[in-house]
Amino acid sequence: MSATPKISVRNVAKTYGHMTVLERVNLEVEEGAFCTIVGASGCGKSTFLRMLLSQETPSSGRIELDGAPLPGEPTPDRGIVFQKYSVFSHLTVEDNLILAREFERSRLLGRSFGKGRKAARAEINDTLEKIGLGAARLKYPAQLSGGMQQRLAIAQALLKRPKVLLLDEPFGALDPGIRADMHELLLGLWEELAMTVFMVTHDIREAFKLGTRILVFDKIRHDPQAPDAYGATITYDLPLNRKDAGPPPELAGLAVNADTSTGASA
Amino acid sequence: MEFRFFEIYRSSEYLLLLAKGAGVSASLAIGGGLVGFLLATLLAVSRYAEVPVLGRISAAYVEFIRNTPLIVQLFFVAFGLPLLLGYSWPFWAHALLALTLNFSAYFAEILRAGFSSIPSGQLEAGAALGIRKATIFRKVVFPQAVAAMYPSLNSQFIFLFLTTGVIAEIGVTDLTHAGLYIDSRTFRSFEIFTALTVIYIVMALSFKALLNAIYRSAFKWRTVR
């Protein structure tokens with residue numbers, strides 16, 4: 001606990017009109033952590049990820065990245081992979097990645113010519129090899145399997161060399177065999193690229209297998225008369241040791257580091 | 001009753017008239033279609049992007065055109081507006097302007113539906129990659145929408161092509177005009193309108209084949225498996 005936490009979430013709440021989705025969310029995450037996030041459907045896990053991406057803004061509280069408030073819009077240092085195939089179906093694998101680089105180009109006010117373009121192409125080929133899509137460079141997403149499409153989505157996210165990778169049930173639509181392959185791929189990339197990862201999943205075993213830390217989102221306050229009055233928060237925040245695959249029963253009892261007692265001070 | 005088709009096909013004058021008429025019909029339809037599509041894109045974008053004022057004007061324009069008969073629009077452009085604005089163009093230019101305005105409203109409505117049909121996930125994916133909105137529209141929404149709506153645009157174009165016959169009413173020597181002329185000279189109504197029917201069918205099917213070929217080469221990703 002020496003370095004400044006990479007991401008700190010301070011008393012964040014998110015409401016839509018009268019509906020509270022998240023409340024009193026507090027979290028400090030070290031650089032290089034692999035946080036898996038589990039919780040019931042509709043409890044705000046995806047909303048939390050979208051706030052980390054700046055696609056949503058917290059209704060109250062703050063999120064800091066390296067000690068500075070989160071920028072107001074998605075930046076290249078944060079990448080995301082959605083559950084449903086978010087690749088562009090009208091572009092080839094290669095063109096999907098070229099489009100993903102538009103961001104840098106538009107910032108440099110101009111297209112990359114000559115040397116720049118060659119370097120860009122080399123970088124794209126490099127990423128494709130890393131992700132195992134080298135042979136499918138010129139194929140369209142419709143010609144790829146679900147697993148390959150998800151790999152392409154990951155490649156898109158990685159192209160920006162993000163420091164934080166956000167994964168919203170990335171393997172939810174894949175069958176178990178491919179899922180295991182994707183786990184290996186993801187862990188390899190995580191170690192190689194030294195990213196901080198947040199991954200939402202509905203698969204508890206997946207959460208324990210991949211994470212160095214697991215976050216459980218749940219509603220702890222209920223008002224039967226007003227079901228939307230209270231939102232979910234982090235109820236369990238456990239460090240994981242990947243060596244023992246599976247939830248250690250004695251750890252669940254110790255899990256009290258939920259930080260829910262700080263209350264509404266914002 | 002005796003049919004005398006040879007009165008048409010043995011007369012080089014009539015054949016030439018029909019050929020020229022077919023050329024005029026095809027050119028005006030293609031010209032009106034292309035310019036109409038560009039105009040339709042502007043109309044549809046201004047509505048899709050909810051551009052203030054301009055979006056409203058586009059909506060009103062589209063409703064206005066789609067709820068008035070083509071022939072009235074044609075007369076308005078050919079005889080009404082020239083009195084007001086004092087222009088005097090050749091007949092075909094009046095026809096082209098009227099057809100362009102007419103095509104654009106129908107295409108705009110189809111395009112707008114196409115833009116709205118693109119799943120929001122595609123927009124979010126683009127936004128998550130940090131791509132600017134205008135670039136997302138240009139590189140993701142527009143190509144996907146045109147591809148999705150291509151069959152509708154295709155059949156709308158054929159339908160509009162077949163309605164271009166009304167431009168004969170303002171003196172444009174199109175295919176229908178040629179037919180009416182030959183009919184008035186020979187009184188062989190059955191023969192000449194049979195001939196017109198066949199020529200229109202052949203032209204419409206040719207347009208369809210051409211547009212389908214364009215679809216297959218421009219939107220490969222829709223057909224690969």
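In which hand, left or right, does α2(B) pass α3(B)? In this predicted model, α2(B) passes α3(B) in a left-handed crossing. The report below sets this crossing beside two others and then turns to a pocket in which α2 of chain B also takes part.

**Chain B as a whole**

Chain B contains ten helices and zero strands. Read from the N terminus, its elements therefore follow the order α-α-α-α-α-α-α-α-α-α. The C-alpha trace of chain B spans about 70 × 50 × 25 Å along its principal axes.

Two packed helices are described by the angle between their axes and the distance between the axes.

| Helix pair | Axis distance | Angle | Crossing |
|---|---|---|---|
| α2(B) and α3(B) | 8 Å | about 125° | left-handed |
| α2(B) and α5(B) | within 5 Å | roughly 45° | right-handed |
| α5(A) and α6(A) | within 11 Å | roughly 15° | right-handed |

*α2 and α3 of chain B.* Helix α3 of chain B covers residues 54-66, and its axis lies 8 Å from that of α2(B), at an angle of about 125°. That angle makes α2(B) oblique to α3(B). The contact of these helices divides into six nonpolar residues, three polar residues and one charged residue.

*α2 and α5 of chain B.* Helix α5 of chain B comprises residues 91-117, and its axis comes within 5 Å of the axis of α2(B), crossing at roughly 45°. Because of this angle, α2(B) is oblique to α5(B). By class, the contact of α2(B) with α5(B) has 20 nonpolar, eight polar and three charged residues.

*α5 and α6 of chain A.* In chain A, helix α5 (residues 146-158) and helix α6 (residues 176-193) have axes that cross at roughly 15°. Angles under 35 degrees count as roughly parallel, and α5(A) and α6(A) are therefore roughly parallel to each other. From α5(A), the residues G147(A), Q150(A), R151(A), I154(A) and L158(A) take part in the contact. Their partners in α6(A) are I178(A), M182(A), L185(A), L189(A) and L193(A). This contact of α5(A) with α6(A) has seven nonpolar, two polar and one charged residues.

**The second largest pocket**

About 430 Å³ of space lies in the second largest pocket. There are 16 lining residues, and those closest to the pocket centre are G33(B), L34(B), Y150(B), L211(B) and I214(B). Which helices of chain B each supply at least two residues of the lining? They are α2 (12-48), α7 (133-163) and α9 (189-218). By class, the lining has 14 nonpolar, two polar and no charged residues.

Methods. Residues are numbered from 1 along each chain as its sequence is written. Chains are lettered from A and ligands numbered from 1 in the order in which they are written. This is a predicted model: local features need pLDDT of at least 70, side-chain atom pairs count only at pLDDT 80 or more; totals for chains, interfaces and linings use all residues. Side-chain values use heavy atoms; hydrogens and water are left out. Axes are lines fitted to C-alpha atoms, for helices over the stretch in contact, and angles run from 0 to 180 degrees between N-to-C directions. Helices (H or I, at least four residues) and strands (E, at least two) are DSSP runs, numbered from the N terminus. Angles under 35 degrees count as roughly parallel, over 145 as roughly antiparallel, 65 to 115 as roughly perpendicular and the rest as oblique. A crossing is left-handed if the near helix is turned anticlockwise from the far one by less than a right angle, and right-handed if clockwise. Contact means heavy atoms within 4.5 Å. Ala, Val, Leu, Ile, Met, Phe, Trp, Tyr, Cys and Pro count as nonpolar, Asp, Glu, Lys and Arg as charged, and the others, Gly among them, as polar. On a 1 Å grid over the protein atoms alone, a cavity is a set of points where a 1.4 Å probe fits but cannot get out, and a pocket is an open set with protein on both sides within 12 Å along at least five of seven lines; lining residues have an atom within 4 Å of a point. Grid points are joined across faces, edges and corners, and a volume is the space filled by probe spheres set on the points.
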